[in-house]
Amino acid sequence: MIFVNSEELSGFEGVSVLELIEKRKYKTAFVAVELNGKIVPRAEYESTVLKDGDKLEVVSFVGGG
């Protein structure tokens, strides 16, 4: 079980941050990801693998005015 924006999700253990972002339909260019309190650099999304108990915050940037 992992947590994404305080929501419990199962089935994402062993999946990369990039795969999670794509499966959850986030636009990679417009998100920032924090994993267990630390920002994940975009270059590390593919190599960062999620483990049971991980806590992610995914923030989407929206333009407008």
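1. N5 sits in the loop between strand 1 (2-4) and strand 2 (7-9). Strands here are DSSP runs of E, at least two residues long, and helices are runs of H or I, at least four residues long, both numbered from the N terminus. The phi of N5 is near 50 degrees, a positive value in a residue other than glycine. N5 is partly exposed, with a relative accessible area of 31%. Partly exposed lies between buried (under 20% relative accessible area) and exposed (over 50%), using a 1.4 Å probe and protein chains only.

2. A word on the model. This is a predicted model, in which local features need pLDDT of at least 70, side-chain atom pairs count only at pLDDT 80 or more, and totals for chains, interfaces and linings use all residues. Residues are numbered from 1 along each chain as its sequence is written, and side-chain values use heavy atoms, with hydrogens and water left out.

3. N36 is in the loop between strand 3 (31-35) and strand 4. Its phi is near 50 degrees, again a positive value in a residue other than glycine. N36 counts as partly exposed, at 43% relative accessibility.

4. T48 lies in the loop between strand 4 (38-40) and strand 5 (55-60). Is T48 buried or exposed? T48 counts as buried because its relative accessibility is 15%. The T48 side chain reaches the backbone oxygen of E44 at 2.6 Å. Leaving out residues up to four places away in sequence, T48 touches V15, S16, V17, L35 and V40. Touching, or contact, means heavy atoms within 4.5 Å.

5. Now the whole chain. The protein chain has 1 helix and 5 strands. Along the sequence, the pattern is β-β-α-β-β-β. The radius of gyration is 11 Å, close to the 11 Å that the globule rule gives for 65 residues, so the chain is as compact as a globular protein of that length. That radius is taken over C-alpha atoms, and the rule is 2.2 Å times the number of residues to the power 0.38. Along the principal axes, the C-alpha atoms fill a box of roughly 40 × 25 × 20 Å.

6. Buried residues make up 31% of the 65 residues. Among contacts with a separation of 6 or more, 55% join residues 24 or more positions apart.

7. The protein chain exposes about 4300 Å², and carbon and sulfur atoms supply 53% of it. These areas come from the Shrake-Rupley method with a 1.4 Å probe.

Conventions
Polar contact = N/O pair within 3.5 Å; in protein donor to acceptor, adjacent residues only side chain to side chain.
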